Amino acid sequence: MIIPWQELPPETLESIIESFVLREGTDYGEQEKTLQQKVDDIKRQLKSEKLVLIWSELHETINIMLKDQFSDGAEEQPYPDFN
């Protein structure tokens, strides 16, 4: 189920994004970005509707996925663009 990120309190959205960024542990290229830069990248992509917040009823978790890859029951793991 897609969660409308606009309806979340700003602190909650920030915490969800930070948690997502920290658990990804991905290499971001030659120049490492700060946590805040990565969070800002995710926010930008949510605002542009490239990414969506997803609630998994099965796992009782929130995740962030590429909108194009989301479908009910999708198990693919997205990799947002931190560029």
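Modeller: Contact here means heavy atoms within 4.5 Å. The model is predicted. Leaving aside neighbours within four places in sequence, isoleucine 17 is in contact with Val39, Ile42, Lys43, Leu46 and Ile64.

Colleague: What makes strand β2 mostly covered?

Modeller: A residue is buried when its relative accessible area is under 20%. Five of the six residues in β2 (residues 51-56) are buried, and the strand is therefore mostly covered.

Colleague: How do you know that β1 and β2 pair?

Modeller: Pairing requires at least two bridges between the strands. Strand β1 (residues 2-3) and β2 have two bridges, in the antiparallel sense, so they pair. Isoleucine 2 stands opposite isoleucine 54 in β2.

Colleague: Why are β2 and β3 called paired?

Modeller: Six bridges join β2 and strand β3 (residues 61-66) in the antiparallel sense, and at least two are required, so the strands pair. Leucine 53 stands opposite isoleucine 64 in β3. The hairpin of these strands has four residues between them, and glutamate 60 takes a positive phi near 50° there.

Colleague: What makes a set of residues a nonpolar core?

Modeller: Its members are buried residues of the listed nonpolar types, joined through side-chain atoms within 4.5 Å. The largest such core has 14 residues, and among those with the most contacts inside it are Leu13, Ile17, Ile42 and Leu53. Two or more residues come from each of α1 (10-24), α2 (35-47), β2 and β3. The largest share, five residues, comes from α1. In soluble globular proteins, nonpolar side chains tend to be buried together.

Note on methods: Residues numbered from 1 in each chain as written. Predicted model: local features only at pLDDT ≥ 70, side-chain atom pairs only at ≥ 80, totals over all residues. Heavy atoms only, no water. Buried < 20%, exposed > 50% of the residue type's maximum accessible area, 1.4 Å probe, protein only.
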